[in-house]
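Let's take a walk through this protein model together. Have a look at the sequence and the fold first, and then we'll go through a few of the parts.

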Amino acid sequence: MKPAVLLLAHGTPESLDQMPEYLTRVRGGRPPSEELLEEMRGNYAAIGGRSPLTDLTRAQAAALSSALGGRPVYVGMRNWRPYVADALAEAARAGVSEMVAVPMAPQYSTLSVAKYAEAVESARPPEMAIRFVRSWHDHPGLLEAFAEKLRAALGSAPWDRVVFTAHSLPARVVEAGDPYADQVAATAGGVAERARLADYARAWQSAGRTPEPWLGPSLEDALARLAGEGARRILVAPIGFVCDHTEILFDVDVQAARAARRLGLELGRTESLNDSPTFIRALADLVGTAS
């Protein structure tokens, strides 16, 4: 029997009422300040009150299961239900003895993918063998899926510049040897090559609220620089994310869009991969290779 699959993601609360519990878990058991709580509630309220992350990951799982001929595909979240441990327990009850675990974060980092690996290993049933995909930032199918969305957006309007983005990290992590920034750069280069895009910029988004330096330039700083160079129509292509969630729907579509308006810019964004057929084929190939 071929191994089952586990798709791993960060997790998101289902309602604003669950925000205190969710943020406490994200913060390693430390309750959030009232200021942070209100800020996050406001961010979620701005995108309709909840993130579609869980729904979209489940849709990706269903599409991947179909592409794999009905093979079971489970969904596990690090910081909310369905938790990784619950997904593994469900698989064990169904008699699964082998599994391929795929983090829905293509670029490896010790602060993201490594944490998924820890969550899987700590909850792995003793009788279950799990192969963990640690990085797939340069998988040809992933690059083509992003390039497909980029080509469609480039054909929709005369954009002056394209900015590839990914989630920022504390600079100390990369300085200590984390490969994340290099892998993001490789993803950007591969997507640009497939979209025949010779000139582009890169920026970091969604930095945390800590005083230490984070990777830069931030998306807002990049927009200001491009505006100063005469650009007026900027297309953002988030290549560190594989579906819509708060980092896309709020951080880009709301927060960055506000900054763009202040700068006199028109801001566009490529569509997220979600359950696009090209992306699902890439996942199926990735799982087949790992199997």
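Helices here are DSSP runs of H or I with at least four residues, strands are runs of E with at least two, and both are numbered from the N terminus. Axes are lines fitted to C-alpha atoms, for helices over the stretch in contact, and angles run from 0 to 180 degrees between N-to-C directions.

A quick note on the model: it is predicted, so local features need pLDDT of at least 70 and side-chain atom pairs count only at pLDDT 80 or more, while totals for chains, interfaces and linings use all residues. Residues are numbered from 1 along each chain as its sequence is written, and side-chain values use heavy atoms, with hydrogens and water left out.

| Pair | Sense | Bridges |
|---|---|---|
| Strand 5 and strand 7 (residues 233-238) | parallel | 5 bridges |
| Strand 5 and strand 6 (residues 201-205) | parallel | 5 bridges |

In strand 7, I234 stands opposite R161, and in strand 6, W204 stands opposite A166. Is strand 5 largely enclosed or open? Strand 5 (residues 161-167) has 6 of its 7 residues buried (under 20% relative accessible area, with a 1.4 Å probe and protein chains only), so the rest of the structure largely encloses it.

Finally, a helix pair. The axes of helix 4 (residues 84-93) and helix 5 (residues 113-123) come within 9 Å and cross at roughly 45 degrees. The contact (heavy atoms within 4.5 Å) is made by V84, A85 and L88 of helix 4 and A119, V120 and A123 of helix 5. Those residues divide into 6 nonpolar, no polar and no charged. Nonpolar covers Ala, Val, Leu, Ile, Met, Phe, Trp, Tyr, Cys and Pro, charged covers Asp, Glu, Lys and Arg, and the others, Gly among them, are polar.

Notes:
Buried < 20%, exposed > 50% of the residue type's maximum accessible area, 1.4 Å probe, protein only. Pairing = 2+ DSSP bridges.
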